[in-house]
Amino acid sequence: MPARKGRSRHPKSYALNQCALYKLKNKRKFASLFGLTLADLDGLLEKDNYRIFHIASSKPRLVEWPKPHLERLHRRMLSLLQRIETPIYLHSGVKGRSYITNARQHIGLLEVVKIDIKKFYPSTTSLHIYKYFHEEMLCSSDVAGLITKLLTYDNHIPTGSCVSQQIAFLVHKGMFDEMQALSIHHGITMTCYVDDITFSASDIPAAFLNDIKKIIRKTGLKHHKERRYTKIRPKLITGVIVTDTGIRVRNKLLMKIHDGFESLRAAVKSGEEVKLDSLLGRINAANEISGDFTGMKRRAKRYEELKVD
């Protein structure tokens with residue numbers, strides 16, 4: 001499969017130099033973009049702006065969640081940054097693209113290699129952000145410094161902010177672009193979904209992967225979880241099973257749906273409250289992949305009326 005080139009636009013996208021933050025030299029003007037005063041910004045910088053907690057899972061995850069007064073600024077920042085036109089290889093945080101469109105790019109009798117960026121958000125530092133706004137956005141040093149302070153926690157982008165995903169890509173876009181250029185040169189398709197980078201082709205040389213890893217290390221980041229799939233083997237890409245002819249739902253999700261129905265039946269029989277949100281979310285996710293789960297969704301909703309099949 002040939003590598004894909006070009007850029008995608010949607011009606012509200014614009015070039016980097018059309019962003020309201022581009023060449024911003026005045027902190028007062030920056031504040032006005034967010035409906036704030038300089039005193040408001042000073043207040044934000046002085047406050048305890050984050051709620052820190054862990055999400056329990058097989059591997060507990062630390063979450064740094066901005067409090068409402070800072071979250072409003074982050075949401076406005078996201079609105080400005082997500083309109084910047086995006087390269088075709090990016091499938092996260094882009095309207096009309098998703099983890100499913102990311103997986104679809106690699107359908108075929110192809111060899112696939114996946115590489116993750118290790119601790120992508122904690123490894124994206126204040127220096128990365130300052131350099132982006134000062135050297136790429138061409139903001140003055142004081143404005144770039146102010147933005148950096150407002151967008152970071154403990155010297156890195158926070159793990160729980162709505163804008164972190166967009167910032168992480170933009171500040172490392174040069175790295176991703178370099179990997180894309182190398183992929184095109186070798187006739188390899190590359191996609192990126194947050195910190196997951198996937199490559200597919202009829203053959204992926206070891207020398208190519210070594211060069212990719214050098215590009216990552218040069219940026220000050222690290223890679224891990226490298227996974228290679230042979231041509232004939234089904235591939236797990238961003239949570240979707242990819243084959244030589246299409247995509248399908250992974251067994252892990254199917255089992256969770258099955259278990260969800262078992263829990264519903266038990267709740268009905270015992271007279272407990274029927275809770276559908278989690279199950280419906282999983283059914284919707286499966287339906288987006290294959291389109292074969294509409295009937296199952298109707299079946300689940302019948303439990304709201306306490307009717308058992």
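Helices, of at least four residues, and strands, of at least two, are DSSP runs numbered from the N terminus. The model is predicted.

Q: How many helices and strands does the protein have?
A: The protein has 309 residues, of which 45% count as buried. Its C-alpha atoms fill a box of roughly 65 × 55 × 40 Å along the principal axes. The secondary structure comes to 13 helices and eleven strands.

Q: Of contacts between residues at least 6 apart in sequence, what share joins residues at least 24 apart?
A: A contact requires heavy atoms within 4.5 Å. Among contacts in the protein between residues at least 6 apart, the share joining residues at least 24 apart is 70%.

Q: How far apart are the mean positions of the positive and negative charges?
A: Lys and Arg count as positive, and Asp and Glu as negative. The protein has 53 positive and 31 negative charges, and their mean positions are separated by 3 Å.

Q: Which strands stand at the edges of the open sheet of three strands?
A: The sheet has the order β9-β10-β11 with antiparallel pairing. Each edge strand has a single partner, so one of its sides lacks a neighbour in the sheet. The edge strands are β9 (235–237) and β11 (247–248).

Q: Which residue stands opposite leucine 236?
A: Three bridges join β9 to β10 (residues 240–242), and the two strands run antiparallel. In β10, the residue opposite leucine 236 is isoleucine 241.

Q: Is threonine 238 buried or exposed?
A: Threonine 238 lies in the loop between β9 and β10. Although it is not a glycine, threonine 238 has a positive phi of about 40°. Its relative accessibility is 15%, and the cut-off for burial is under 20%. Threonine 238 therefore counts as buried.

Q: Is lysine 119 buried or exposed?
A: Lysine 119 is found in the loop between β5 (111–117) and α5 (120–123). Its phi is positive, about 45°, although the residue is not a glycine. With a relative accessible area of 58%, lysine 119 is exposed.

Q: Why is strand β6 largely enclosed by the rest of the structure?
A: β6 pairs with β7 (residues 196–201) in the antiparallel sense over five bridges. The two form a hairpin with two residues between them. Strand β6 (residues 189–193) is largely enclosed because four of its five residues are buried.

Q: What is the bridge partner of threonine 189?
A: β6 and β7 are paired antiparallel. The bridge partner of threonine 189 lies in β7 and is serine 200.

Q: How far apart are the closest N and O atoms of lysine 67 and aspartate 48?
A: The protein has seven salt bridges, counted with a cut-off of 4 Å from nitrogen to oxygen. Lysine 67 is partly exposed at 27% relative accessible area, whereas aspartate 48 is exposed at 55%. The two form a salt bridge, and their closest N and O atoms are apart by 3.5 Å.

Q: What separates lysine 173 and aspartate 177 along their helix?
A: The two residues form a salt bridge with closest N and O atoms 2.6 Å apart. Lysine 173 counts as buried at 19% relative accessibility, and aspartate 177 as partly exposed at 26%. They are four residues apart in helix α9 (residues 173–185), so the separation is about one helical turn.

Q: What is the N to O distance in the salt bridge of lysine 213 and glutamate 226?
A: Lysine 213, in helix α10 (residues 206–218), counts as buried at 14% relative accessibility. Glutamate 226 is partly exposed at 38%. Lysine 213 also touches Ile115 and His223, among others. The N to O distance between the side chains of lysine 213 and glutamate 226 is 2.6 Å.

Methods
Residues numbered from 1 in each chain as written. Predicted model: local features only at pLDDT ≥ 70, side-chain atom pairs only at ≥ 80, totals over all residues. Heavy atoms only, no water. Pairing = 2+ DSSP bridges. Buried < 20%, exposed > 50% of the residue type's maximum accessible area, 1.4 Å probe, protein only. Charge placed at Lys NZ, Arg CZ, Asp CG, Glu CD. Lists of a residue's contacts leave out its neighbours within four places in sequence.
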